[in-house]
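Work through the exercises below with the sequence and the 3D view at hand. Try each task before reading its solution.

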Amino acid sequence: MSDNTGGTRADDPWNTIDDLWKWLEADQPVGGREGLLLRMLKLSEEVGEVAEAVIGAIGQNPRKGVTHTWDDVEAELCDVVITAMVALRTLTPEAREVFGRHLARVAGRSPGG
């Protein structure tokens with residue numbers, strides 16, 4: 001899937017997302033509508049891990065102190081993005097196009113767009 005420089009196959013992350021989606025689909029213990037819902041719920045788990053890493057990076061929990069780094073926060077944010085992309089791919093085989101159109105709309109309505 002990836003090369004030793006951190007790039008993805010053909011430098012297009014959607015190729016890697018397709019590979020991850022195929023792997024998950026081939027080995028999912030729960031399928032159908034319930035499997036789809038569980039795939040969407042995975043996003044909440046990943047967002048929670050971002051919150052845990054931020055709290056740990058600033059030492060907000062006095063019982064635990066500093067338990068994470070900002071590099072951990074970056075990694076958790078990447079996991080959120082990947083999980084969201086896989087969830088979108090689960091909803092539609094046209095995920096790349098759906099995301100591209102939506103990103104263009106968001107960019108178009110932003111002050112810099």
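**Exercise 1. Determine the handedness of the crossing of helix 1 and helix 4, and describe how the two helices pack.**

Solution. Step 1: helix 1 passes helix 4 in a right-handed crossing. A crossing is right-handed if the near helix is turned clockwise from the far one by less than a right angle, and left-handed if anticlockwise. Helices are DSSP runs of H or I with at least four residues, numbered from the N terminus. This is a predicted model, in which local features need pLDDT of at least 70 and side-chain atom pairs count only at pLDDT 80 or more, while totals for chains, interfaces and linings use all residues. Residues are numbered from 1 along each chain as its sequence is written, and side-chain values use heavy atoms, with hydrogens and water left out.

Step 1: two packed helices are described by the angle between their axes and the distance between the axes. Helix 1 covers residues 13-26 and helix 4 covers residues 95-109; their axes come within 11 Å and cross at roughly 135°. The axes are lines fitted to C-alpha atoms over the stretch in contact, and angles run from 0 to 180 degrees between N-to-C directions.

Step 2: helix 1 and helix 4 are therefore oblique to each other. Angles under 35 degrees count as roughly parallel, over 145 as roughly antiparallel, 65 to 115 as roughly perpendicular, and the rest as oblique.

Step 3: on the helix 1 side the contact (heavy atoms within 4.5 Å) is made by Trp 14, Asn 15 and Asp 18, and on the helix 4 side by Ala 95, Arg 96 and Phe 99. By class, the residues of this contact of helix 1 with helix 4 are three nonpolar, one polar and two charged. Here Ala, Val, Leu, Ile, Met, Phe, Trp, Tyr, Cys and Pro count as nonpolar, Asp, Glu, Lys and Arg as charged, and the others, Gly among them, as polar.

**Exercise 2. How many aromatic pairs does a search of the whole structure find?**

Solution. Step 1: the search of the whole structure finds one aromatic pair. Rings of Phe, Tyr and Trp (its six-membered ring) pair if their centres lie within 6.5 Å; planes under 30 degrees apart count as stacked, over 60 as edge-to-face and the rest as tilted.

Step 1: the ring centres of Trp 14 and Phe 99 are 6.0 Å apart and the planes stand at 55°, so the pair is tilted.

Step 2: the pair links distant parts of the chain, with Trp 14 in helix 1 and Phe 99 in helix 4, 85 residues apart.

Step 3: Trp 14 has 8% relative accessibility and counts as buried, whereas Phe 99, at 38%, is partly exposed. Buried means under 20% relative accessible area, exposed over 50%, and partly exposed in between (1.4 Å probe, protein chains only).

**Exercise 3. At what angle do helix 1 and helix 3 cross, and which residues meet?**

Solution. Step 1: the axes of helix 1 and helix 3 cross at roughly 70° and come within 9 Å. That makes helix 1 roughly perpendicular to helix 3, and the crossing is right-handed.

Step 1: from helix 1, Pro 13, Trp 14, Ile 17, Asp 18, Leu 20, Trp 21, Leu 24 and Glu 25 meet Ile 82, Met 85, Val 86, Leu 88, Arg 89 and Thr 90 of helix 3. The contact of helix 1 with helix 3 has 10 nonpolar, one polar and three charged residues.

**Exercise 4. How are helix 2 and helix 3 packed, parallel or antiparallel?**

Solution. Step 1: the axes of helix 2 and helix 3 (residues 70-91) are 9 Å apart, at an angle of about 170°. That makes helix 2 roughly antiparallel to helix 3. Their contact contains 17 nonpolar, two polar and seven charged residues.

Step 1: helix 2 (residues 32-58) contains Leu 41, which is exposed at 53% relative accessible area. Leu 37 is also in helix 2 and, at 47%, counts as partly exposed.
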